[in-house]
Amino acid sequence: MREKLSMAAKLATGILVFGAWILMIRSVAGTLSDTGVRSLRYFTVLSNFLCGIAALIHFCFLAVRKSAPRWVLRLSYMGAAAVGVTLMVIMLFLGPLYGYREMLKGANLWFHLLIPLLAILDHILLEPGERPSFRDTFLCLIPVVLYGAGYVANLLINGVGEWPDTNDWYLFTIWGTPVAACIAMGILLLAWGIALALRALGRVRTRYR
């Protein structure tokens, strides 16, 4: 039963991600959202894409082979951790900054809250297969590092710019470069903490099932 519920959760995750993206690209819904291809500049959208694609791949393996290879399990783990970062950054940083009502409006309700919760609960409570190792926790830093590198490269090449056409759409540099560097390090540590928490909680479930 748990495996079937996990399959349903993964299929729902994949469908909801692409459905929410269609909703976003058709009309701007709240702060930190945009239409068309410009929506892909946000870590919110990219992390949800990673999670949705991983979920659909995982679903296909479970449906056809009844199990998933190690690389698929790790991809799902990375996806769950990535949307975990999105969820926690919204709850701890951007929500207080912009207001939770604005952060949970339209498509962002799905991207910022509902899809991350579904993916995290699936990983912790339902997902079958081998649990991540300690070494695997560092894989969850890859999406954050790649996005951060792209974000910084864009600022260096194109400049910060001025609102509303700024390239610093998260306003990380508004307090200066040292604060921005501290924020980046904090997000990196947050990503690793989420990866550790997902691993620990999943192992508790496996131990007592």
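Arg74 and Asp136 form a salt bridge, with their closest N and O atoms 2.5 Å apart. The pair links distant parts of the chain. Arg74 belongs to helix H3, whereas Asp136 lies in the loop between H5 and H6. The two residues are 62 residues apart. Both Arg74 and Asp136 are buried. Through salt bridges that share partners, Arg74 and Asp136 are joined with Arg70 and Glu130 into one network. The model is predicted.

A second bridge in this region pairs Glu130 with Arg70. Here the closest N and O atoms are 3.0 Å apart. Glu130 sits in the loop between H5 and helix H6 (142–158), and Arg70 is in helix H3 (residues 70–98), so the pair ties together parts that are 60 residues apart in sequence.

Another salt bridge joins the side chains of Lys10 and Asp122, at 2.8 Å from N to O. This pair also links distant parts of the chain. Lys10 is in helix H1 (residues 2–26) and Asp122 in helix H5 (residues 107–126), 112 residues apart. Lys10 has a relative accessible area of 2% and is therefore buried. Asp122, at 5% relative accessibility, also counts as buried. The cut-off for burial is under 20% relative accessible area.

In total, the structure holds 7 salt bridges. Among them are Arg74 with Asp136, Glu130 with Arg70, and Lys10 with Asp122.

Conventions: Residues are numbered from 1 along each chain as its sequence is written. This is a predicted model: local features need pLDDT of at least 70, side-chain atom pairs count only at pLDDT 80 or more; totals for chains, interfaces and linings use all residues. Side-chain values use heavy atoms; hydrogens and water are left out. A salt bridge is a side-chain nitrogen of Lys or Arg within 4 Å of a carboxyl oxygen of Asp or Glu. Helices (H or I, at least four residues) and strands (E, at least two) are DSSP runs, numbered from the N terminus. Buried means under 20% relative accessible area, exposed over 50%, partly exposed in between (1.4 Å probe, protein chains only).
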